[in-house]
Amino acid sequence: MPAISTASVVATVTRMLPEQAMLSGFRIETEDSPRQLQVLLKGCAASGNALGEFERRLASCPAFTGVTMSARKATESMGTRVEAFTVSFQVPLDVQVRAPGMMRMAMGGTR
């Protein structure tokens, strides 16, 4: 199985995004200590329920650690009330790609 890539993180996140939500920013940085990717997402959701659903999906992915909703506020976009958000999480570099949009943690010594 191939090692983690930014493309597989993007594919996994977009697969988890509820239909009533969209991303306006996506930043991925590599950290050397500990070896991981640091991910920052910005976007908006049609409702707090859609935003909560997205946060739960991210947190339930074993490949994503430290999922944190750091900003959440009601705002208006094109005349419609939306919930703007910022969420961050980490992805250890030993995560393995199962299939496009699907990741899992590496198991002791398997690659």
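The structure is a predicted model, in which local features need pLDDT of at least 70, side-chain atom pairs count only at pLDDT 80 or more, and totals for chains, interfaces and linings use all residues. Residues are numbered from 1 along each chain as its sequence is written, and side-chain values use heavy atoms, with hydrogens and water left out.

Confidence is described by pLDDT, the predictor's score for each residue, from 0 to 100. The protein chain averages a pLDDT of 82. A score of at least 70 is reached by 82% of the residues. Confidence is highest in strand 2 (residues 36-45), with a mean of 93. It is lowest in strand 6 (residues 102-105), with a mean of 52. Over residues 105-111 the pLDDT is below 50. Beyond near neighbours in sequence, this stretch has 11 contacts in the model; a contact means heavy atoms within 4.5 Å.

The protein chain holds two helices and six strands. These elements are DSSP runs, numbered from the N terminus: helices are H or I with at least four residues, and strands are E with at least two. Along the sequence the pattern is α-β-β-α-β-β-β-β. Among contacts between residues at least 6 apart in sequence, 57% join residues at least 24 apart.

The accessible surface comes to about 6,200 Å², computed by the Shrake-Rupley method with a 1.4 Å probe, where for residues only the protein chains shown count as cover. Carbon and sulfur atoms account for 52% of this surface. Of the 111 residues, 37% count as buried. Buried means under 20% relative accessible area, exposed means over 50%, and partly exposed lies in between (1.4 Å probe, protein chains only).

The largest nonpolar core has 22 residues. A nonpolar core is a set of buried Ala, Val, Leu, Ile, Met, Phe, Trp, Tyr and Cys residues joined through side-chain atoms within 4.5 Å. The residues with the most contacts inside this core are V13, L41, F54, L58, F64, F89 and V91. Helix 1 (6-16), strand 2, helix 2 and strand 4 each give two or more residues to the core. Leaving aside residues up to four places away in sequence, L41 touches V13, L23, G25, F26, F54, L58, F85, T86, V87 and F89.

Charged pairs come next. Side chains of opposite charge can pair when their charged atoms come close. The count is four salt bridges, each a side-chain nitrogen of Lys or Arg within 4 Å of a carboxyl oxygen of Asp or Glu. E53 and R57 form one of them, at 2.2 Å from N to O. Both lie in helix 2 (residues 48-60); because they are four residues apart, about one helical turn separates them. E53 is partly exposed at 25% relative accessibility, and R57 is partly exposed at 31%.

E83 pairs with R72, with the closest N and O atoms 3.7 Å apart. E83 lies in strand 4 (residues 80-92) and R72 in strand 3 (residues 65-77), so the pair ties together parts that are 11 residues apart in sequence. E83 is buried, at 10% relative accessibility, whereas R72 is partly exposed at 44%. Shared partners join R72, R81 and E83 into one salt-bridge network.

E29 and R27 also form a salt bridge, at 3.2 Å between the closest N and O atoms. E29 is partly exposed at 41%, and R27 is partly exposed at 46%.
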